[in-house]
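Student: Could you take me closely through the disulfide in this model, and then through the strands around it?

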Amino acid sequence: VQLQASGGGLGQAGGSLRLSCAASGRFFRVNDMAWYRQAPEKQRELVASITSTNSTKYTNSVKGRFTISRDNAKNTVYLEMNSLKAEDTAVYLCYAQIRGTRFTLNDYWGQGTLVTVSS
């Protein structure tokens, strides 16, 4: 099982970027998915999460600006980032809890994608 993230890069303050992360391989089902971020010299933080039934949560600093969504048919999670701020600059990592079989449940991480916001 692999998670492949894409969509990072350079964004302007006040602008938008969209991240995608697709799960591939052999598995039974993808449960919760999420985006984390880690800025230099800071701890990794949970940005947003979404359950298999589309219940979402956001960290306070991105509420009203970021939107997490998923396409279960494509096993893909998205993060739409609007009104970007310099403090959004970080490596963004996608996460998924995946049921490999009816009896196994494991955590998977994508490779990380760098988002840089210039003012």
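Tutor: The structure, which is a predicted model, holds one disulfide, a term for a pair of cysteine sulfur atoms within 2.5 Å. Cys 21 and Cys 94 form this disulfide, with their sulfur atoms 2.0 Å apart. The torsion about the S-S bond of Cys 21 and Cys 94 is about 45 degrees, so the disulfide is right-handed. Because Cys 21 lies in strand E3 (residues 17-24) and Cys 94 in strand E9 (residues 90-101), the pair ties together parts that are 73 residues apart in sequence; strands (E, at least two residues) are DSSP runs, numbered from the N terminus. Both Cys 21 and Cys 94 are buried, that is, under 20% relative accessible area with a 1.4 Å probe and protein chains only.

Strand E9, which carries Cys 94, is joined to E11 by three bridges, and the two run antiparallel, where two strands pair if DSSP finds at least two bridges between them. Tyr 92 stands opposite Thr 113 in E11. Strand E11 (residues 113-118) has a covered face made of Thr 113, Val 115 and Val 117, while Leu 114, Thr 116 and Ser 118 make up its uncovered one. Strand E11 also pairs with strand E2 (residues 9-12), in the parallel sense and over four bridges, and there Val 115 of E11 is the bridge partner of Gly 9.

Residues are numbered from 1 along each chain as its sequence is written, and side-chain values use heavy atoms, with hydrogens and water left out. As the model is predicted, local features need pLDDT of at least 70 and side-chain atom pairs count only at pLDDT 80 or more, whereas totals for chains, interfaces and linings use all residues.

Conventions
Buried means under 20% relative accessible area, exposed over 50%, partly exposed in between (1.4 Å probe, protein chains only).
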